[in-house]
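Student: I'm new to this structure and would like to learn how to read its sheet and its core. Could we go through them together?

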Amino acid sequence: MLHFNRLRLSGFKSFVEATELLIAPGLTGIVGPNGCGKSNVVEALRWVMGESSARQMRGGEMDDVIFGGTQDRPARNLAEVQIFLDNRERGAAAQFNDGDEIEIVRRIERGEGSAYRINGRDARARDVQLLFADAATGARSTALVSQGRISAIINAKPTDRRALLEEAAGITGLHSRRHEAELRLRAAEANLERLDDVLQTMEAQLQALKKQARQASRYRNLSDHIRRAEAILLHLRWKAALGEVESAAALYRQVEQLVADLTGRVAVCSTEQVEASLALPPLRQAEAEAAAELHRYAVARDTLDTEERRVTEAQRAIETRLVQIAADTTREEGLLADAAAAIARLRQEQTELGDAQAREGDAITATRADLDAANGDVAVAEGSLNAVVQELAAGEARQSALDKAILD
């Protein structure tokens, strides 16, 4: 029977410094406030016993078990958990029964993955899981009771209860070994199937090679016949070639005579070409001048088209402005009539005030104030009238200028 003696943690979650927990006989629990790391101790046990799921470790990935750092302390890149088992009864597998104590270490580096060592020697995760399975425990063992685990066991299905009973009976390791043996058997069967395929392929290749050997023997026999036939054919071709050489010599003499005749004709054509070349530059000069004149006319036409569009647009703008000036003139004439009416009304009021002054000596002061206000209104009206007259004169001057521009 294996017993846990000690648990040493370094860089694992909240245990940033190396911490060793003695698991002495009679220890029934660890008591502490919330957040002191009690659950991290249980997770460290699960992790060192071969837990491979980051969700079971309350993380998104396995690197989350490494101390992530705080405001006062930097993060760590390494985490290590060691568990020491009492093996004085030699209850472990034969390869681990060298001493009275078994040391199991799981070490993880950020971004590099984790590694296992048993008694200082590198080991697989499967070896660690089998070691604890033989001891009727493990990372997923029901002996590690977490929150809600009791109710899950009570409400478990018969299959889950069977796993609990098998673990209590200590045969979980046998099931793991049977599963591994089944995997190896299936792999061996797959290898045998692949071997049959390879044998069939090699048999097909052997048949193909035999066929190729027969073809090669037939090829050697045919090659001898082909060489003799090629020799006869080459001799016949040689005789035919001698006749062709004599015919070619006669044809060569005829071609020499034809070349001499063509050379004389080429000389005459060369003379004509020189004469034509001498006459060609003036024609090219005339063509260039005509092209330049055509280009100048095209540019002038484009300029005239642009000027026509500009004059048309200016004429439209002037007509729009004339309409606006006519409207402004009508409006200013209305304002002028209003100003004249206001002046007549003010003069009438002034006359009435003079009469009233003669009749009412006591209201002279008030009347003078009203007169000053009326004079101010008259001055404002006269200023408006002068502005309207000036704007009208400016509009008439612009109209005259635009009419002149249109005529030009």
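Tutor: Gladly! Two strands pair if DSSP finds at least two bridges between them. Helices (H or I, at least four residues) and strands (E, at least two) are DSSP runs, numbered from the N terminus. This is a predicted model, in which local features need pLDDT of at least 70 and side-chain atom pairs count only at pLDDT 80 or more, while totals for chains, interfaces and linings use all residues. Residues are numbered from 1 along each chain as its sequence is written, and side-chain values use heavy atoms, leaving out hydrogens and water.

Student: How many bridges join β4 to β5?

Tutor: Strands of a sheet pair through backbone hydrogen bonds, either parallel or antiparallel. Here, six bridges join β4 to β5, and the two run antiparallel. I104 has I118 in β5 as its bridge partner.

Student: In what order do the strands form the open sheet?

Tutor: The order of the six strands is β2-β1-β3-β4-β5-β6, with antiparallel pairing. At the edges, β2 (19–22) and β6 (121–123) each pair on one side only.

Student: Which residues of the largest nonpolar core touch the most other members?

Tutor: In soluble globular proteins, nonpolar side chains tend to be buried together. A nonpolar core is a set of buried (under 20% relative accessible area, 1.4 Å probe, protein chains only) Ala, Val, Leu, Ile, Met, Phe, Trp, Tyr and Cys residues joined through side-chain atoms within 4.5 Å. Of the 30 residues in the largest one, the answer is L7, F12, W47, V65, I83, I102 and I104. α1 gives this core its largest share, five residues.

Technical notes: Buried means under 20% relative accessible area, exposed over 50%, partly exposed in between (1.4 Å probe, protein chains only).
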